[in-house]
Every structure is written in structure tokens, then in C-alpha cells.
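Consider the open spaces of this protein and the residues that surround them. The paragraphs below go through the pockets in turn.

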Amino acid sequence: MTLASACQPKDSPMPFPKFFADLPELDAPFDPAAVTARAIAGPEALAVFFEIHQDTSIAPHSHGDQWGMVIDGELHLKLEGEPRIFHPGESYDIPAGTVHSAFIPAGTRLLDVFAEPDRYKVKRG
């Protein structure tokens, strides 16, 4: 593979690398037909790569600190009732205890990092 073949035009989403399929899945409250979630877990934090296959809504909730970035698609996020839309390359910070909800259209890919390393249980083996 050459560098040129590894690069994609800006308007053409590049899939996650093939080795991401070997990352552990999460035991998360998402329909696996609607959301794929692969994780890198450490003792200090949990990084999750989300692929949204079907429009997905997340009810209002709160937890520890969360930071994320939209890779493809868009994220409709409500923070303390204030709506915001995030696009590719934009990041968001959700402080601990902030009530938030989301609508995520199909085709969106996100990276979320949770300060709580046990936010979601990681499926091992």
C-alpha cells in the first residue's frame, strides 16, 4: 500500500482500520444491529470507537467526565437542555454530572473517552 492509496478525499469517509475489529466489544445498552462499539481500556480511562448503523437516540443521563470527537457524520447533543450539533473534526467535552442526551444519525462514527474506566464493561475473550 502506498501513502497515496491510504489517503482518502476529505468527503469520502475512510473506514476504521481492519485491526479495530479485533478490539474488545462492549457490554453496552445498545442494539448491536444499530451500534458497533470497540474499546481500548486502561486503568485510568476507557476509549470507545462507535460506529452507528441505524439512527440512535440516547435518553438524558449523566456520569463522570467524557470527551469525544466526531469522525464522520454528525452528533446532535443536548447538554443541560442546550442543543448543539457537532460535525467531523469537532470535539465535545461533557463535565462530570452534566445531564446530556443525543441523537446520532446512521453513518456516524465517534471516538469517546470516558474518565470512568468501567463506564461500560469490556467483553474479554
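In the account that follows, Ala, Val, Leu, Ile, Met, Phe, Trp, Tyr, Cys and Pro count as nonpolar, Asp, Glu, Lys and Arg count as charged, and the others, Gly among them, count as polar. The model is predicted.

By these classes, the lining of the second largest pocket divides into six nonpolar residues, one polar and three charged. This pocket has a volume of about 170 Å³. Its lining consists of Glu25, Leu26, Asp27, Ala28, Phe30, Pro32, Val35, Thr36, Ala37 and Lys123. Two strands, β1 (26-27) and β2 (35-41), each supply at least two residues of that lining. The greatest contribution is from β2, with three residues.

The largest pocket has a volume of about 240 Å³. It is lined by 23 residues, and the closest to its centre are Phe30, Ile58, Gln66, Ile104 and Asp112. Phe30 is also listed in the lining of the second largest pocket.

Which strands supply at least two residues each to the lining of the largest pocket? They are β3 (46-52), β4 (56-61), β6 (75-79), β8 (91-94), β9 (100-104) and β10 (109-114). Of these contributors, β9 gives the most, with four residues. In terms of residue class, the lining of the largest pocket comprises 15 nonpolar, six polar and two charged residues.

How values were computed: Residues are numbered from 1 along each chain as its sequence is written. This is a predicted model: local features need pLDDT of at least 70, side-chain atom pairs count only at pLDDT 80 or more; totals for chains, interfaces and linings use all residues. Side-chain values use heavy atoms; hydrogens and water are left out. On a 1 Å grid over the protein atoms alone, a cavity is a set of points where a 1.4 Å probe fits but cannot get out, and a pocket is an open set with protein on both sides within 12 Å along at least five of seven lines; lining residues have an atom within 4 Å of a point. Grid points are joined across faces, edges and corners, and a volume is the space filled by probe spheres set on the points.
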